[in-house]
Amino acid sequence: MRARYAGIDIGGTTTQVVLCTDELAVVDHVEVATPAADGGTAMVGAALDALRMLLGRVPSDLRGVGVGAAGVVDASTGHVLVASDSFTGWAGFPVTETVEAALGVPAFLDNDVNAFLRGEVSKGAVEGEPYVLGMTLGTGVGGAFWMGGELFEGPHGAAGEIGHIPGFGDLPCTCGGRGHLETLASGRSIGARYEERTGRPTTARDVADAADRGDPDAVAVFEAAGSAVARAILITAGVVDVTTVVIGGGVSRAWSLLEPAILRALAAEPPVSGHPVRLVRSALGSSAVAIGAASRACTARADGRQPDGPRSGRPAATVQGQR
């Protein structure tokens, strides 16, 4: 049997599981509902059942498992530290310990946006690039840095926390702050900004559909979202000189609306370096987190690292936005 690595993306609604070769080619995948209201045991159990189904379809020598999860995670212990109210009994859950006990192979835990960026750098839109900002525009706004060929998390795990930098007006943010990027560019906020203009409650997808039909309020909301993302990119490029930005998450499905707005704003005020920042959409789409999680397991095995500790100098906790 050939060596395989599994990647698991545990989201608030669905869980995706991929089975990959050591070159991260996906040989099989499945998506199941996440029993988010039933606790950590049920959530990991659903993921393990899905993985066992894949192993039944594709007999494999499983060498490792990576898991991507939203919220605050401790990569060194494999625990979820803080979870949103979308999950019951998830904070404090020993993810990697549970997976290892069930499967007998090393397991690794990453925050979902870090896993997203790992996936895109390993096998996606920015494969092989050394200086990348990854952004996910979903329910919230998350970010991560790939610097000098490695994931950079910072001393407190907050590097790349682009969604919660201030300076974007004065609207209240879900985190309790005000004027954060997330108040303009997340899916939830796009719906809220449209409702403020029209009095009609709706979703980001419906706003995108309305913008495609020429609705001026919907167009204005996406223009504001794109301009805000561009401003965040410029701030980042001015501080750490990233060369490339890859964007994923549900809002990126409206790329025909989002990309022109971002590019217009970047053209109006280019980076201080004088070099343009390359903007790309996620190539892996909804599979990016799972593939990135598999990449973590594959790379850790190749490097001879154990799942009970990150690389020297890397922090344990990572904090990012929800998809």
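1. β9 and strand β10 (residues 150-152) pair in the antiparallel sense, over 3 bridges. Note that this is a predicted model. Across this pairing, Trp 146 stands opposite Leu 151 in β10. The two strands make a hairpin with 2 residues between them. Look at Gly 148 in that hairpin: its phi is positive, near 60 degrees.

2. β9 has another partner, strand β8 (residues 131-137). That pairing is antiparallel too, and runs over 7 bridges. Met 135 has Gly 143 of β9 as its bridge partner. Here again there is a hairpin, with 3 residues between β8 and β9.

3. How many residues of strand β9 (residues 141-147) are buried? The count is 6 of 7, so the strand is mostly covered under the buried limit of 20% relative accessible area. In a regular strand, side chains alternate between the two faces of the sheet.4. The structure holds 11 salt bridges. Side chains of opposite charge can pair when their charged atoms come close.

4. Arg 52 and Asp 49 meet through their side chains in a salt bridge, at 3.3 Å from N to O. Both residues belong to helix α1 (residues 40-57). They are 3 residues apart, about one turn of the helix. Arg 52 counts as partly exposed, because its relative accessibility is 40%.

5. Arg 118 and Asp 110 also form a salt bridge. Their closest N and O atoms are 2.6 Å apart. Are these two residues buried or exposed? Arg 118 is buried, because its relative accessible area is 8%. Asp 110 is buried as well, at 3%.

6. Arg 264 and Glu 223 supply a further salt bridge, 2.6 Å from N to O between the side chains. This pair links distant parts of the chain. Arg 264 sits in helix α8 (residues 255-268), while Glu 223 sits in helix α7 (residues 216-240). The separation is 41 residues. Arg 264 has 47% relative accessibility, so it counts as partly exposed. Glu 223, at 28%, is partly exposed too.

7. Now the cysteines. A disulfide is a covalent bond between the sulfur atoms of two cysteines. The count here is 0 disulfides. Cys 175 is partly exposed, with a relative accessible area of 45%.

8. Cys 298 is buried, with a relative accessible area of 12%.

How values were computed:
Residues numbered from 1 in each chain as written. Predicted model: local features only at pLDDT ≥ 70, side-chain atom pairs only at ≥ 80, totals over all residues. Heavy atoms only, no water. Salt bridge = Lys/Arg side-chain N within 4 Å of Asp/Glu carboxyl O. Helix = DSSP H or I, 4+ residues; strand = E, 2+ residues; numbered from the N terminus. Buried < 20%, exposed > 50% of the residue type's maximum accessible area, 1.4 Å probe, protein only. Disulfide = S-S within 2.5 Å. Pairing = 2+ DSSP bridges.
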